[in-house]
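Open the model in your viewer and keep the selection tool at hand. The tour below goes stop by stop.

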Amino acid sequence: MSRAPYSHQEVVDAVVIGTGAGGAPLTARLAKAGLSVVALEAGRSFVPDDHVADELAADIYWMEERLSGGADPTAFGSNNSGMGVGGSTLHWGAFCPRPDARDLRLKSLTGQGADWPIPHADLIAYVEEVEVFTGVSGPADYPWDASRRYAYPPVPRNASADAMARGCEAMGITATDAPAALVSRDRDQPYWGQRQACVNCGTCHQGCRNAAKTSMDTSYLPFAVAHGAEVRSQARVLSFDLDHEGRITGVVYHQDGEERRQRCRTVFLCAGGVESPRLLLNLGLANSSGQVGRNFMAHVATQVWGRFDDEMRMNRGYPSSLITEDMMRPAEAGCAGGYLIQSLGVLPVNLATQLARGAGMWGARLQSLLHQYNHMAGIGINGECLPHPDNRLTLSDETDAFGHRKARIDFSYHENERAIDRHSRQVMTAIWEAAGAQDIFAIDRSAHTIGTCRMGENGDEAVVDADGRSFDITNLWICDNSIFPSALAANPALTIMALSLRTADRFLALSKARAA
Ligand SMILES: Cc1cc2nc3c(=O)[nH]c(=O)nc-3n(C[C@H](O)[C@H](O)[C@H](O)COP(=O)(O)OP(=O)(O)OC[C@H]3O[C@@H](n4cnc5c(N)ncnc54)[C@H](O)[C@@H]3O)c2cc1C
Ligand code: SF4
């Protein structure tokens, strides 16, 4: 995916590092504004036909080693970030609730966590723009937001969703079809072509073969290229050239076995919640606040599973087809913030891994459960995680193939995460009992890589300002999971895409003001 290449000698307006939810929308926006933009992506380029509905064969994940510590170590590998043109949107689940207004003001409202330095209405305007551009399916009436409209009707529910609907109804909990970043009817995607309607195959996490699912390589990136941007794949960024004032003048990267550099005026670092801080820590840059790597957050993602008499066959159907937001402020849970519940559809290898990792199941017990795969179903949460400075990414003594020190991430639940975990276990167990499940059990789990370069009002406490601009290096901007000051209960990708467009607009406005 490329236009005619820019030359390395040319000083381009912007280099974007990473082409996921954080990097792609702003690449498109900057190119549309007429800027010369080069996006450098460590992973390779895919077309939808490359994706294989096979858990073991899919190669769209960031699989380089990351060390994990703390009392509640979070799992890395195929379940945590992507590698390829499109980043984690190649394999994400496309479950896309909007950020809740109360979550952006958590500190003001509860005294805990952190406020976002961005008004909710500002963010939602960009969320709506992303939803329109990418195509989102959802219910005609969203119970927790009367004003909301989705362009496409929901896809049919899978068996886990039907069970969750039954259980919720019996308990008086409102549940509805989940907002999903997929098209339920054929759609002509500008500058890419026809995305076919979702066929409910259930292999979203292995990549969508018919492009029904929103992914950056079939949406924002083709738009960017059509407006003059260049995307260089398998281009791994290793360092920056700096001038005597500490501004970045070029980006050094590894491609085709050699070191290359692209001269530029501005850099947008969008390498994700682990790789962005790791690069900065390895280079000793943008960290006068001491906050790079700190406040790592992973959503509380506890799951509850059970066995049903009926066949569930959860490998079939869009995996996350039902949602309830009734627990966004759960009474008597004793926590700040709250959580969403979603129905699940998990393929066998993923399930086996989760059972071993999160429920300590091995040997005969694990084998016996896996034999019951066709009768099993689960539900899970995405719950608030508060920032704590001691939950952090540091550099280990081990180095990778490029000589950079590997990331070590220490993560422990604090009381708020434990309260959400406790409350959600009770609620989900009750839902599953009401739905008719037997042999119910819970899995410990956290998800997503958030925080580590947080945005804030001043450079003593934050790495970037509310626009995503580094306090230390004036021509460095960061936009990805890493800049979230708090986790928000909503799954992150929609918010990241919205922030990405906003960051581009703030950059363009600043450039215009300077030129005037
Ligand atoms: C299994 C799974 C399911 C998920 N499901 C959902 C969901 O249903 N809903 C939701 O909202 N979120 C979901 N997420 C989370 C969501 O996908 C991510 O939060 C989001 O896509 C992250 O966007 P990002 O831009 O921060 O990073 P990424 O999308 O990970 O992009 C970073 C990119 O930078 C590249 N890169 C890194 N380092 C370098 C370097 N040095 N040089 C060049 N390139 C580099 C990487 O290869 C990658 O392509 C899911 C995540 C996983 C793992
Ligand atoms: S379930 Fe739908 S969105 Fe997911 S991979 Fe299959 S066709 Fe694509």
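Before the first selection, one definition: Ala, Val, Leu, Ile, Met, Phe, Trp, Tyr, Cys and Pro count as nonpolar, Asp, Glu, Lys and Arg as charged, and the others, Gly among them, as polar. Keep in mind too that this is a predicted model.

**Stop 1: ligand 1**

Select ligand 1 and the residues around it. By class, that shell holds 18 nonpolar, 22 polar and four charged residues. Of the 44 residues there, Gly18, Gly20, Gly87, Gly93 and Asp480 come nearest. Which elements each supply at least two residues of this shell? Colour strand S8 (236-242), H6 and H10 to see them. H6 gives the largest share, four residues.

**Stop 2**

**Stop 3: a three-stranded sheet**

Next, show strands S3, S17 and S16. They form an open sheet in the order S3-S17-S16, and the pairing is mixed. At the edges are strand S3 (67-69) and strand S16 (392-399), each pairing on one side only. On average, neighbouring strands of this sheet are turned by 30 degrees against each other, direction ignored.

Zoom in on S3 and strand S17 (residues 405-410). The two run parallel and are joined by three bridges. Pick Gly69: its bridge partner in S17 is Asp410.

H6 lies across S16 and S17, and runs at about 65 degrees to S16.

**Stop 4: strands S11 and S19**

Select strand S11 (residues 297-300) together with S19. Three bridges join the two strands, which run antiparallel. Click Met297; opposite this residue, in S19, stands Ile450. Is strand S19 (residues 446-450) enclosed or open? Five of its five residues are buried, so S19 is largely enclosed by the rest of the structure.

**Stop 5: where H3 meets H10**

Show H3 and helix H10 (residues 493-515). Their axes come within 8 Å and cross at roughly 105 degrees. The two helices are therefore roughly perpendicular to each other; the cut-off for that term is 65 to 115 degrees.

Display the side chains at the crossing. From H3, pick Leu123, Tyr126, Val127, Glu129 and Val130. They meet Leu494, Thr495, Met497, Ala498, Leu501 and Arg502 of H10. This contact has eight nonpolar, one polar and two charged residues.

Stay with Ala498, in helix H10. Leaving aside neighbours within four places in sequence, Ala498 is in contact with Leu123, Tyr126, Val127 and Val130. Why does Ala498 count as buried? Because 25 C-beta neighbours lie inside 10 Å of Ala498, and the cut-off for buried is 20 or more. Then draw a distance from Ala498 to Pro25: the C-alpha atoms are 8.2 Å apart, across 473 residues of sequence.

**Stop 6: Gly111**

Last, select Gly111. Look in the loop between helix H2 (106-110) and helix H3 (120-134). Is Gly111 buried or exposed? Gly111 is exposed, because 8 other C-beta atoms lie within 10 Å, and 12 or fewer counts as exposed. Finish with a distance to Met83. Gly111 and Met83 are 28 residues apart along the chain, and their C-alpha atoms are separated by 37 Å.

Methods. Residues numbered from 1 in each chain as written. Chains lettered and ligands numbered in written order. Predicted model: local features only at pLDDT ≥ 70, side-chain atom pairs only at ≥ 80, totals over all residues. Pairing = 2+ DSSP bridges. Axes fitted to C-alpha atoms, helices over the stretch in contact; angles between N-to-C directions. Contact = placed C-beta atoms within 7 Å. Parallel < 35°, antiparallel > 145°, perpendicular 65-115°, else oblique. Near = placed C-beta within 6 Å.
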